[in-house]
Amino acid sequence: MEGVVARLAICMAVLGALGASVSSASAITIEEAYASVSLSPPTTRLVIVCHDFGCAQRTPVGLTPGDLATLSSLLAPGRASAEAERRAIAAAGAWFDRRVGPAAGTTHRIARANGLGSENKIGQMDCIDTSRNSTSLLLILEQLHLLKHHKVEGPEARGFLLDGLGPHATAVLTDIHSGKQWAVDSWTHKYGEKPDVIPLDVWKKG
């Protein structure tokens, strides 16, 4: 029980760092997102994968030229439109999860892991883990100049219990043409599945 309480305290503390107002346009910067969990931002050569709740465990995963070529191939269909790019990002998210899973020991992770059930906590991811990992992937795509229709924002949060929703965080993109923001949320899916890519305003409603 003490472990569960500790994990919830970590989650609440980190979500608190995302900003007290869930209606704000950008609750936290990318730099603040990584600093809040003492994490190094990714490069096109190395990404640190968060897991085991609240980024308690971090596994460095090196990216090869072949990995970067795969990402380029996956994002190529996205050049056609912003909608196509979001579909390509979802496909890249599923590939990224499968790519880092064996190294991080997260191949058995479940959807919506929260530390309150009976599932094994080792190798699982809460929303702090998935929001940081998804943001890392998006930053890598941006560094590779593969995003033509979107820019990467800092993670957003919803549900500070005052609105009846449980605390939750997601990676965020902004459509550079329309200004519309989109949530990229892999916490709602198990290992290897495509993340949700949905309008942020819809995501905030739970």
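Is Cys55 buried or exposed? Cys55 counts as buried because its relative accessibility is 2%; buried means under 20% relative accessible area, exposed over 50% and partly exposed in between, with a 1.4 Å probe and protein chains only. This is a predicted model, in which local features need pLDDT of at least 70 and side-chain atom pairs count only at pLDDT 80 or more, while totals for chains, interfaces and linings use all residues. Residues are numbered from 1 along each chain as its sequence is written, and side-chain values use heavy atoms, with hydrogens and water left out.

**Disulfide and cysteines**

- The model has one disulfide, defined as a pair of cysteine sulfur atoms within 2.5 Å.
- Cys50 and Cys55 form this disulfide, with their sulfur atoms 1.8 Å apart.
- The link of Cys50 and Cys55 is left-handed, at -55° about the S-S bond.
- Cys50 counts as buried because its relative accessibility is 0%.
- Cys127 also counts as buried, at 3% relative accessibility.

**Salt bridges**

- Six salt bridges are present, each a side-chain nitrogen of Lys or Arg within 4 Å of a carboxyl oxygen of Asp or Glu.
- One of them joins the side chains of Asp175 and Arg86, at 3.6 Å from N to O.
- Asp175 sits in strand 4 (residues 168–175) and Arg86 in helix 4 (residues 82–104), so this pair ties together parts that are 89 residues apart in sequence.
- Helices (H or I, at least four residues) and strands (E, at least two) are DSSP runs, numbered from the N terminus.
- Asp175 and Arg86 are both buried.
- Arg109 pairs with Asp97 in a salt bridge, and their closest N and O atoms are 3.0 Å apart.
- Arg109 belongs to the loop between helix 4 and helix 5 (127–143), Asp97 belongs to helix 4, and the two are twelve residues apart.
- Both Arg109 and Asp97 are buried.
- Glu156 forms a salt bridge with Lys204, with the closest N and O atoms 3.6 Å apart.
- This pair links strand 3 (residues 150–158), which holds Glu156, to helix 6 (residues 200–204), which holds Lys204, 48 residues apart.
- Glu156 and Lys204 are buried.

**Nonpolar core**

- The largest nonpolar core has 39 residues, of which Leu71, Leu75, Leu138 and Leu141 touch the most other members.
- A nonpolar core is a set of buried Ala, Val, Leu, Ile, Met, Phe, Trp, Tyr and Cys residues joined through side-chain atoms within 4.5 Å.
- Elements giving two or more residues to this core include helix 2 (30–35), strand 1 (46–51), helix 3 (65–75) and strand 5 (181–185).
- Helix 4 gives the most to this core, with eight residues.
- Leaving aside neighbours within four places in sequence, Leu138 is in contact (heavy atoms within 4.5 Å) with Ile89, Leu147, Val152, Ala171, Val172, Leu173 and Val184.

**Cavity**

- A search of the whole structure finds one cavity of 30 Å³ or more.
- A cavity is a set of points, on a 1 Å grid over the protein atoms alone, where a 1.4 Å probe fits but cannot get out; lining residues have an atom within 4 Å of a point.
- The largest cavity has a volume of about 170 Å³, where volume is the space filled by probe spheres set on the points, and grid points are joined across faces, edges and corners.
- Its lining has 17 residues, of which Gly93, Phe96, Asp97, Ser134 and Ser186 lie nearest the centre.
- Helix 4 and helix 5 each supply at least two residues of this lining.

Methods
1 Å grid on protein atoms, 1.4 Å probe; cavity = no way out; pocket = protein on both sides within 12 Å on 5 of 7 lines; lining within 4 Å.
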